Structure formats: C-alpha cells, structure tokens
Amino acid sequence: MPRYDFRCRSCGATFELRRTMAQANDPAVCPQGHEDTVKLLSTVAVTGAASGGAPRQAPSGGGGGGGGCCGGGCCG
C-alpha cells in the first residue's frame, strides 16, 4: 500500500499515512488532532543516471536490425 507524506498547517508536524491510491487525496488528520493538513509531493525520482550508470542509448541501426516499428526490416 502506498505511503503519503502530509504536513499540518496548524502545528507544522509532518507525518506519513499508508492508504490506497483511491484515498490519496482524502483529508488527513495530524497526530495532534488538527485537520488543516496538506499532502506533500513525493521526493522520489527515477532517472537513468540515478542508478550510477550512463543513460542507455538506442542501437545505431548498423547491426542488421533494419529499423521500423518492430526492428525486423518489414516496415522500412
């Protein structure tokens, strides 16, 4: 089940809730009982360079693939 981060506008506390994606935008109450909260944006990002390697590039087409939509040479 996904986890979502929230911040309370009343006391400034940040907290995490586990809820279904369908409930992601439902109102949340902070641990101190305040109802004025806001959902924070996730800080997780997925990029090719984040894994420690260089970004992958497509083959240059000189190796017999032929190009086209399926690489079989039938489409041009």
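At 3% relative accessibility, Cys30 counts as buried. Please select this residue first; the model in the viewer is a predicted one. Cys30 belongs to the largest nonpolar core, a set of 7 residues.

**The cysteines**

A disulfide requires the two sulfur atoms to lie within 2.5 Å.

Next, select Cys11. Its closest cysteine sulfur is also found in Cys8, at 3.6 Å, which is again too far for a bond. Cys11 counts as partly exposed, because its relative accessibility is 38%. The structure as a whole holds 0 disulfides.

**The strands**

Now switch to a cartoon view. The chain has 3 strands and 0 helices, and its elements follow the order β-β-β from the N terminus. Select S1 together with strand S2, residues 14-18: the two pair in the antiparallel sense over 5 bridges. Within this pairing, Arg7 has Thr14 of S2 as its bridge partner. The hairpin that S1 and S2 form has 5 residues between the strands, and Gly12 takes a positive phi near 85 degrees there.

Move on to strand S3, residues 37-39, and select Thr37, which lies in it. Is Thr37 buried or exposed? Thr37 is buried, since its relative accessible area is 18%, and the limit for that class is under 20%. The side chain of Thr37 reaches the backbone oxygen of Ala28 at 2.7 Å. Beyond its neighbours within four places in sequence, Thr37 is in contact with residues including Phe6, Cys8, Phe15 and Cys30.

Ala28 is the next selection. Apart from neighbours within four places in sequence, its contacts include Phe6, Phe15, Leu17 and Arg19, as well as His34, Glu35 and Thr37.

**The whole chain**

Finally, select everything and show the surface. The chain exposes about 6100 Å², of which carbon and sulfur atoms supply 51%. Buried residues account for 12% of the 76 residues in the chain. Of the contacts between residues at least 6 apart in sequence, 25% join residues at least 24 apart.

Conventions
Residues numbered from 1 in each chain as written. Predicted model: local features only at pLDDT ≥ 70, side-chain atom pairs only at ≥ 80, totals over all residues. Heavy atoms only, no water. Core = buried A, V, L, I, M, F, W, Y, C linked by side-chain atoms within 4.5 Å. Buried < 20%, exposed > 50% of the residue type's maximum accessible area, 1.4 Å probe, protein only. Contact = heavy atoms within 4.5 Å. Helix = DSSP H or I, 4+ residues; strand = E, 2+ residues; numbered from the N terminus. Areas by Shrake-Rupley, 256 points an atom, 1.4 Å probe, with all protein chains shown as cover. Polar contact = N/O pair within 3.5 Å; in protein donor to acceptor, adjacent residues only side chain to side chain. Pairing = 2+ DSSP bridges.
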